[in-house]
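Subject: Structure handover and notes

Dear colleague,

Please find the structure below, with the sequence. My notes come after it.

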Amino acid sequence: MGALERVVLYARTARHLRWEQWVYRPVRRIQSRLPARVAARCGFDGAVAPALAAAVQSWGAGDVEARLRRADDVVSGTFRFLNHEERLPSIAWDRRPVSHLWSYNLHYFDYALDLAWAWRHTGDARYAARFVELAESWIRGCPAGRGDGWEPYPVSLRTVNWVYAVLLFGEGLGARPREAILRSAAEQLAFLARRLEYHILANHLLKNVKALVVGGAVFTGREAARWRAKGRRLLRRELFEQVLPDGAHYERAPMYHAIALGDLLEVVSLLDAAGEPVADAARERVRRMADAFGVLSRPDGTLHRFNDSANAGAPDRRWLDALARGAVGQGIPAPAGVVALPDAGFHGFVDPANGARLIVDGGAPGPAYQPGHSHCGALSFELDLGGRPVVVDSGVHGYDGDPFREYARSTRAHNTVMIADREQSEVWGTFRVARRAAVRVVTAEPAGGGYRFAGACTPYHDRSIVHRRVIEGSGDAWSVTDVVAGGAGAVIRSFLHLHPDFRVERDGPALVACAGDVCVRIEPFGIEALELRRGSREPVQGWYFEEFGSAVPAPAVEMRIRENHGRPFGYRIRRVGRR
C-alpha cells in the first residue's frame, strides 16, 4: 500500500473526512492527467499473447446459445442488465438511463465476451465490428477520469474484458482499432494503478488486483512491470486475507464467493500460461475455495443465497468446474453427509439419495471492517427436500435504496427469529452496518443416523438476550427448536420462507405446502399466532429475489409469541404424500 493510500485509509478509518477532501481528491485530479503519458510507454506483448489467447480459449464459452442470443441483442442495440432491458441505438455514456448499478453494468463490457465468442463460433464479422464500434464509442464518450466508467471497479472489469476480447478475436479485429482499444486499456490501467479501492477492500480490491495482474501479463514496459509486481504482491495478500482457511470467501455471500473464485482461477490459469505460476500454497488456497463452493451451491448450479447473493449474478457452476479442473487440477465437488465451513460459519447435511440438503448460516455477519454485503440472517437456513428447494432465503433484489433493499437485509426476510421487533444487527442505508449480532456454533455433527446443529445468537440491541436454536433430523423429517433466554415479555417473531413454487393451505394448526411432486407438512409448536403472507407491500413481506431486479411473491410464515417467557417454540417440517 502506497503512502497516499495509507493516509487515506487512516483518514477514513478515523473518520477524518476532511483529509479525503483536502488531500485525496486534489491529488487524484492531478493523477488523472497522467495515464495517457504512462500508457504511451506500454506495448502489447506479442510474444506471450498466443499463450494467453490459448488459455482464454481453453476456458470455453459456457452456454453458447445464450452467448449468441446476447450478442445478437447487442448488435441490434438491446442491452439487458438486472432483469431490465433498454434499447440504445446510440449510447450517451455520461448518462444513467436506468440506475447507477445498471449503468455500471453497461460500462463493464461483459458483452464484449459475448461478441467475441459469437464471432469465434460463427465467423460473422458483424460481431467484431460491433465490439469495435462500442469500444471506440466509449473511448470518445468517456474522457479520462470522468463519469461512472472511470470509477475503479468498472475500470477493472472493462479492461480485463477488453483484453480477453482482443485475445479471442485475434486477427478478426483490424490492426488500427485493435491498437486503439489496447492503448485505451493501458491508459485505464495506468489510472487504476493509482486509484485502487483500499477504502472499500473486499471483492472490489480483488477486482482491481486481477486487472493489474492481467494488464501486467499482456503489456510490456516499465509501467506494465510495476502493475505485474504490485498485482502479484497484493494478490497473495488478498488471497490469504479474503479466502478463509476453510476456503470460504470472507464476505460470506455465495455469489461473491463464486465471483472471487472465477477471478482467482482465471489469474492462476493466465499466470501459468505466461510462465509465472503462483506458489503451491496459493494454489492450494484456491483449491479449497473450489471445495467450499460445493457446499455453497447445489449440483444444478443454483446458489444458497445467504447475504447478498442472487442467481445469475456470478459465474456458472459448470463453467467454474471446468475452469477449476484446468487451473488447480480439480473441479467443484458434490459433497455428501455432514458438511462444514467452520471459519465462515456454514454448516449442514447433504443426503443425495433422497435429495435432502440443509445449510445453516452460523457465522458472523461478515468481516469486521467490511460488512456491507451482510444481512440479518444469523441462524437462518435453507432446506431442500426431494431434490427441490423448500425453505429458502429471500436473496437480494438490488443495491438501490428502496424498500426491497431494506427488506432483503432485514431479519424478517430470513428463516430466523426476531426479538422485540428489533433487527439482529444494526443495519441502515444500502450497505451500512454498525453494531452486530454475536453468533456462535455449539455443535454441528451426526446424530442418530441424521444430523444435529445447535447455535446461539445475541442481538446487538441487548447483550443479555440469547437466542438458542437446534435444527435436527434426517431425510424427509426435520425440526427447528428455539429458546430465547432473557428479554422477558418481549414479542417474538419466527419467520419461515418457502420457495415461490409452493402453494400453502391450512390444515388445522398446521400448514401443508405442495410444489410438483413434493408436499411438506409444517407443524408449529409453542406459538400463539400464525400469519401467512405472500407478496405483501405493507409491510414488505413474502418476496423471493431469484435474480437482481426480479421480485416474485412467495409464501412467508410468521409465527408469533406475544410475550416471551423463555419456553421452547418452533416447528417440524416433514415430507408427506400429495393430498
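Predicted model: local features only at pLDDT ≥ 70, side-chain atom pairs only at ≥ 80, totals over all residues.

Residues are numbered from 1 along each chain as its sequence is written, and side-chain values use heavy atoms, with hydrogens and water left out.

Cores

A nonpolar core here is a set of buried Ala, Val, Leu, Ile, Met, Phe, Trp, Tyr and Cys residues joined through side-chain atoms within 4.5 Å. Buried means under 20% relative accessible area, exposed over 50%, and partly exposed in between, with a 1.4 Å probe and protein chains only. The largest nonpolar core has 111 residues, and those that touch the most other members are Phe79, Phe131, Phe219 and Trp227. A separate second core has 33 residues, among them Leu383, Leu496, Leu511 and Val518. In soluble globular proteins, nonpolar side chains tend to be buried together.

With contact taken as heavy atoms within 4.5 Å, and residues up to four places away in sequence not counted, Phe79 touches Val74, His84, Glu85, Glu86, Leu88, Ile91, Trp102, Leu106, Tyr111, Arg130 and Leu134.

Second largest pocket

Pockets and cavities were found on a 1 Å grid over the protein atoms alone: a cavity is a set of points where a 1.4 Å probe fits but cannot get out, a pocket is an open set with protein on both sides within 12 Å along at least five of seven lines, and lining residues have an atom within 4 Å of a point. Grid points are joined across faces, edges and corners, and a volume is the space filled by probe spheres set on the points.

The second largest pocket has a volume of about 200 Å³. It is lined by 14 residues, and Arg298, Pro299, Gly355, Arg357 and Asp384 are the closest to its centre. Strands β6 (346–351) and β7 (356–361) each supply at least two of the lining residues; helices (H or I, at least four residues) and strands (E, at least two) are DSSP runs, numbered from the N terminus. The lining has seven nonpolar, two polar and five charged residues, where Ala, Val, Leu, Ile, Met, Phe, Trp, Tyr, Cys and Pro count as nonpolar, Asp, Glu, Lys and Arg as charged, and the others, Gly among them, as polar.

Arg298 sits in the loop between α14 (280–296) and α15 (317–328). With a relative accessible area of 6%, Arg298 is buried. Its side chain reaches the backbone oxygen of Leu303 at 3.3 Å. Neighbours within four places in sequence aside, Arg298 is in contact with Leu303, His304, Arg317, Arg357, Glu382, Asp384 and Pro389.

Cavities

The whole structure has three cavities of 30 Å³ or more. The largest cavity, of about 70 Å³, is lined by 13 residues, with Gly363, Pro365, His375, Gly377 and Ala378 nearest its centre. Its lining has six nonpolar, six polar and one charged residues.

The second largest cavity has a volume of about 50 Å³. Val417, Ile419, Arg422, Glu423, Gln424, Cys457, Pro459, His461 and His467 line it.

Asp482

Asp482 lies in strand β16 (residues 477–485) and is buried, at 0% relative accessibility. A polar contact is a pair of N or O atoms within 3.5 Å; within protein, one must be able to donate a hydrogen and the other to accept it, and residues adjacent in sequence count only if both atoms are side-chain atoms. The side chain of Asp482 makes such contacts with the side chains of His467 at 2.8 Å and Arg469 at 2.7 Å. His467 also belongs to the lining of the second largest cavity.

Backbone

A cis peptide bond, with omega about -5°, joins Glu538 and Pro539. Pro539 is in the loop between β22 (536–537) and β23 (540–541).

Asn83 is not a glycine but has a positive phi of about 60°. Asn83 lies in the loop between β2 (78–81) and β3 (84–87) and is partly exposed, at 30% relative accessible area. Phe109 also has a positive phi, near 65°. Phe109 is in the loop between α6 (100–108) and α7 (111–122) and is buried, with 0% relative accessibility.

Regards
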